[in-house]
Amino acid sequence: MSHVKAPATAPEDGGGSAAPTPGRPPVSLNRRRVRAGWLFASPALLVVAAVTVFPVVFSLVLSFWEVRLEYGGLRLGSPTLGHYEALLTHSEWYRALAFTLGFTVVSVTVELVLGTLTALVLERLGAARGWILALLLLPWALINVIAAQLWSYLFNGTYGAVSWLCEQLLGTQPDILGQPVPAMAAMVVVDVWKTTPFVAIVVLAGLMLLPGDVYEAAEIDGANAWTTFWQVTLPQLRPIVAIAVLFRILQAFGIFDLPFVLTQGGPGTATQSVAILGYRVLFQNLDFGGGAAVAVTTAVMVLACCLLFLRVFRAHVDEEGRA
């Protein structure tokens, strides 16, 4: 007996909804996936909000309110702009800002030049590249406090190796960390020693991704190594270099552990960064509103510098694209 299959009929849903497009999941399935994604990501988002968003908002609130430390904890008074007025009229803030800006500009510039040169050398190496990369990573892998403590022994004016070497070469044993200008220079030396490997690795990764046909074309055109670097390599590396510089600006502007371990911000306030100033105002003077004002002002300045840097970089890239 032959069986005749009845034609399939569309389910009556009362809304006349169209059938799902072949190859694409139904809309309801997409929504379930989105809800599941938010559900699985919610613990991480809560952690980020707890350790990042809440402290920022709390610091912003403290900076605009009178804060009193009482037996039961902090008590907010009336709104005020006095914290920012005191900050912007205090000479110690401008000295800390000048040191932080100078340190950032000098250290990032030196690290960018040395890191790029190191990456260019590593690109030419063969089997020895892995061993040299491992050695380069050692300073960068050290914890900042440990690296600063190590260099404090080297710079010590009594038994430090650097002071002994200066005595052998120059006939005098300087107190490097006890004088303003040598202490600033020592700070830059330590930061360059520790962070140049980071810039070198980032630039090396960019060099490894560059296409080889552009170099072949430059060689056919008769370009020498110097011209090839400035006309071919550097323009293509600009996005990678911009990322490395941006990360280094963020790290250098918020420097705390290096001067805190080496000099405690001294001699005097010669190497006091804005981060150390905020620490002293908040934790030593127990001025919670003033410390929050230092933190908020510093964060706004860093954000403005980063946005300006990205804007200039994007405009430069767009101009090259139109050219």
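Helices here are DSSP runs of H or I with at least four residues, strands are E runs of at least two, and both are numbered from the N terminus.

Some housekeeping. This is a predicted model, so local features need pLDDT of at least 70 and side-chain atom pairs count only at pLDDT 80 or more, while totals for chains, interfaces and linings use all residues. Residues are numbered from 1 along each chain as its sequence is written, and side-chain values use heavy atoms, with hydrogens and water left out.

Back to H11, which covers residues 274–284: Val-274, Ile-276, Leu-277, Gly-278, Arg-280 and Val-281 are buried there. Buried means under 20% relative accessible area, exposed is over 50%, and partly exposed is in between, with a 1.4 Å probe and protein chains only.

Zooming out, the chain has twelve helices and two strands. Of its 323 residues, 30% count as buried.

Now the cores. A nonpolar core is a set of buried Ala, Val, Leu, Ile, Met, Phe, Trp, Tyr and Cys residues joined through side-chain atoms within 4.5 Å. In the largest one, with 30 residues, Phe-103, Phe-155, Leu-258 and Leu-262 touch the most other members. Helices H3, H5, H7, H9 and H10 each give two or more residues to this core, and H7 supplies the largest share, eleven residues. Apart from that core lies another, of 15 residues, including Phe-253, Leu-277, Val-294 and Val-302.

What does Phe-103 contact, leaving aside its neighbours within four places in sequence? Val-108, Met-187, Val-188, Asp-191, Ala-252, Ile-255 and Leu-258, where contact means heavy atoms within 4.5 Å.

On to aromatics. Rings of Phe, Tyr and Trp (its six-membered ring) pair if their centres lie within 6.5 Å; planes under 30 degrees apart are stacked, over 60 edge-to-face, and the rest tilted. The whole structure has twelve such pairs. Phe-54 and Phe-58 are stacked, 5.7 Å centre to centre with 10° between the planes. They sit four residues apart in helix H1, so about one helical turn separates them. Phe-54 is exposed, at 53% relative accessible area, and Phe-58 is partly exposed, at 38%.

Trp-151 and Trp-193 go edge-to-face, at 5.5 Å and 70°. That pair links distant parts of the chain, H5 and H7, 42 residues apart. Trp-151 is buried at 13%, whereas Trp-193 is partly exposed at 29%.

Finally, Phe-256, Phe-260, Tyr-279 and Phe-283 form one aromatic cluster.
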